[in-house]
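This report goes through a sheet, a chain contact and a helix in turn. Please keep the sequence and the structure open while reading.

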Amino acid sequence: MDRREFIKACSVIALMQVLWGCRRVPEVSLVSAPELAEFEKEVRQAISQSKGAFDLVQVPMPGAIKAPGASPLNRFGMAIDLDACDGCGKCILACIEENNIPLSPKEQRDAGRFMHWIEMHGGAPTMCFHCGNAPCEKVCPTGAASHSPDGLSTMMYKRCTGSRFCGANCPVGARKFNFVDGVKEGLARKFNPNVPLRGKGVMEKCSLCLQRLQDHKHAHMATLPGTEWRGNGLKTACSEACPKNAIVFGNWLDPKSPLVEAAKKRNLYAPSAIASLDPSVVYMRGRR
Amino acid sequence: MYRFLVYIGAALLLLGATAFGVSLWDGPSAWHTDGRTFWGIPISLFVLWIGLAHAGTLISAIFLALGYPLGRRTSMIAELSTLCSLAVAVLFPLVHLGVIENFYMVVPFLDARGNFSNIRSPLVWDFCCIAVYGMVSALFFVSHLFCEKNPSLKSLIRPMAWLLFPLVLWVHTIVSLDFAVTFVPEWRGAFFPLYFIAGAIYSGLALVIILLTAEHCRVRVLEKLMLSLSWFMAAFWLWEFMLKGTFSFEVVFLGAVVPQLMWLRFIRENTFGRLLVAFSILISLGLERYILVTPSEYDVANAFGWVDLGLVSFSVGLFVLLFFVLRAKLGSLLEGDDVVMGEIVVQEDDTAKTDVPGRNDFTPLRFPLLLGALFTLLYVIWAVSCDNGMVFPLSVENVVPLCLPIFVLVACFTLCAGPLWKITGKRTKIVCIVLAGFLGILAGAFWSGGSSEAPSGAVSVQELTSSKTIEGIWMSRCASCHGNDGMFNEKFVREYYPLPQKLSLERLDSLGADSLVHVILDGRVNMNPYRGRITEDEARGLVRYMRRLAGEEQ
Amino acid sequence: MDAILNALSCLMALGTSMFLWRKPLNVYKEAGILALFLVVFALFSYFTMDASDLAQEYMPFRMLAVCLCFSTTSLTSHKSRYLVFAQVLWLWVEFFGGLTFVYRGLDMPWTRVIAIGSGALGGVFLSHISREMEFMLMVYWIAIWMFF
């Protein structure tokens, strides 16, 4: 066989392989979605590997965000009562069920990396702090991480290219990256039909239960048109699940909101790493 | 000799190709990523190769601009190594991405829907700077390559060298900002621009020295520079240690101690001695980049898997293959008149000082510079003043990093357009025009995207009255995708979801009310289920409303 | 960093600049001296500045840049060109250093950047530099260092 024939044969084989690769493969899902018990087990593992406590500094009560386009009426946030919280981890499980958070692959789990949007730092739940001046949003190349008018740091999954710059720049490590396809690997379960399962290669993090806010807003607009929507009576999954009512959700700009009412009697704290970034989620401790 | 090196390159490339394929296929889970920063080997390789891509232009352009031109062969080798390193470097940010097919979203191109990349992000600056650097250095290389035969090109080279001079330094500064603007404690560094530039030049010099060894050449001035830079690197590493306490024995030993062997005569005068030093520098700098990119991994040997090693091998193999194939192909064009065999010693005195670059360098540059400045000014004014759908505020300091690339790009193309146009053949011209037209059409299509009429008043609360609850539900829940007239809102839909169905009367008839209610409540394909959020009666009301909308349109 | 230490750092840069570009010129000599200066400036910044002060990060490099600016006045050939280069280096250090601080929550030192930038731009149009002009430039740089 001379050289040319050899090359011809090689190209024919390569072409056949390409054609074979293009054939239609029936999509069968070989793996089934995991059971709730597996998520519970993972939460227990995560709590047992609780990370070190943050260095907390006192912060003032969050006010309106001073960016163009920010709503003067709404800025949603939470306050976590450190005196009431006993670190039971029910919030983590509730968050998983609300937001369809996948399990982590085993090797990641053993390295202490979980997909959970809420993690325990020194026994206190920590999620994205929804900084008013968020460092993650500044470095996102596509604008997938951006601020909503209502003061949430949001993620547009379809716009994310997975450069993970936001994850590197988050001082508290609140962002989680989908290294694998949760559905194909049998790691994700769609508990809540209203929240999409995230694809492989995108970042995700606490959305402050954006879907609940959105539904609440639409219901308000449809039933009470012409009135201002301030998110009254709404709760996130974690605050709903907390047996001690240690997580208070509300609108920082609404004086009647349970959040403001709870926070004004207390001292507010934030991790020192983000205290200057105007966080919307804060810790409460002691009485003023 | 070249054939042998090409085989080595191909072997390394093949060894690494599997790792490269796996990385593309599996995404970031394929290689080791840092627990805190999520970054890994592709970014380290990117920084390393983009640094290596600087030495060529630096040696060639800056020496030329400052009036110390090196031999033609030396500078051509250096420029070719720039282009090849750049080709290797641009692969790795793509590999790094989680969703590779979305990479175009990084391009700062405003489309009609106002989607725009976030030009506050250093990654966007990176993309633009490297694209411009690649184009300009390719132009420089081509002009330099053909200037022997076309004297009209010869007068372009010095002005272009002056344009490349700041650009080269700017690009690596921007690369350093990827790290320096973050809150990662190990990446704190207002001094990173200088640190990265020094590292880039240092490693680039080592690479050029290795490549010149393959040519059986030796340029002492480069060796002197390399040795001098080793002291600066030692100072930088000392400052890193004082500031953050990070210190790696291997990096400092290979990068700052081993090069001092050049003081010994028998090392300096021995080909293998020089190669040893140059390779030691490259390994040190590669390791340094990896340690920098993955700050929470102290045990590099443990962190490296076969994919990481494979990617390293792939990058080296690709470079060697590209470089030596091009070197062999271009052959005599590169060497010019000073074709020499065997070991030659280019004395420092040989790199004779030519005339001092005077004002005549700038005469052909006047108009291009003016045009470049004009475009840059336009860009700044547009970027600072426009709020076309942008959700983030821009300030001057966010905009400045893109100024120099725009300036240099415009100036360089203005400068070269005339002379290059004259020397290209007819067929090339036609191909160029067709290509430009095609690109224009593509850009236009991308820009227009689709109709961007927002559904006016879709979410304005005032229009809704309680007697029109169904319409209110439509406006609040359905109109964001389907449009308030039922003809779907392309502005939203095109970007984020596949297109929903147009709700024409025939289609509504063919489906029937019951199945429409079913779709609304339980969802279908990309339509979300709304059970629990609206009642069945409301769904029936919505179906009636859809029919009314469709009927109004017919 | 208080004003006295700031003045001291400027004085150090001025003093060290006297050792540069002495004849005969030699790559190793100049590079060695500059690298040594960098180490000295680094030690100075490390021991005089507070670790919580972000400006510490680029202090040695600012000192090196201003030292190079001062040293260009003693050059014999291509003086105006290297004058511009040294000022551009300083501008580079200040601007990009400032840019990284902007992302970490500080403000850009615009007055300083503009002052150095206009100095560099002015340098482009200088063909002949007299001794008086050199003195004025040095005073200008010291003023930028001390007050902006």
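Two strands count as paired if DSSP finds at least two bridges between them. The model described here is predicted.

## The sheet in chain A

Five strands of chain A make up an open sheet, in the order β1-β10-β11-β2-β9, with mixed pairing. Its edge strands are β1 (56–58) and β9, each of which pairs on one side only. From one strand to the next, the twist averages 40°.

## Strand β2 and its two partners

Strand β2 (residues 76–81) of chain A is mostly covered, with 5 of its 6 residues buried. In the sheet order, β2(A) sits between β11 and β9. With β11 (residues 281–287) of chain A, β2(A) runs parallel, and 4 bridges join the two. Across this pair, A:Ala79 is opposite A:Val282, and A:Asp81 is opposite A:Met284.

The pairing with β9 (residues 247–251) of chain A is antiparallel and has 5 bridges.

## The contact between chains A and B

Chain A contributes 42 residues to this contact, and chain B contributes 45 residues. On the side of chain A that touches chain B, the elements giving two or more residues are α5 (135–139), β5 (145–147), α6 (165–169) and α7 (210–223) of chain A. Sorted by class, this side of chain A has 19 nonpolar, 15 polar and 8 charged residues.

## Helix α6 of chain C

Helix α6 (residues 131–147) of chain C has 17 residues, which at 1.5 Å a residue should span 24 Å. The C-alpha atoms at its ends are 24 Å apart, in agreement with that expectation.

Which residues of α6(C) are buried? They are C:Leu137, C:Trp141, C:Ile144 and C:Trp145. Viewed down the axis of α6(C), the buried residues fall within an arc of 95°, so they line one face of the helix. An α-helix has 3.6 residues a turn, so residues three or four places apart point the same way. The buried residues of α6(C) pack against α1 (3–17), α3 (59–72) and α5 (110–124) of chain C. Exposed residues are found on the other side of α6(C), among them C:Arg131, C:Glu132, C:Phe135, C:Met136 and C:Phe147.

Key. Residues numbered from 1 in each chain as written. Chains lettered and ligands numbered in written order. Predicted model: local features only at pLDDT ≥ 70, side-chain atom pairs only at ≥ 80, totals over all residues. Buried ≥ 20, exposed ≤ 12 C-beta atoms within 10 Å, placed from the backbone. Expected span 1.5 Å × (residues − 1). Arc of directions from axis to C-beta. Contact = placed C-beta atoms within 7 Å. Nonpolar A, V, L, I, M, F, W, Y, C, P; charged D, E, K, R; others polar. Axes fitted to C-alpha atoms, helices over the stretch in contact; angles between N-to-C directions.
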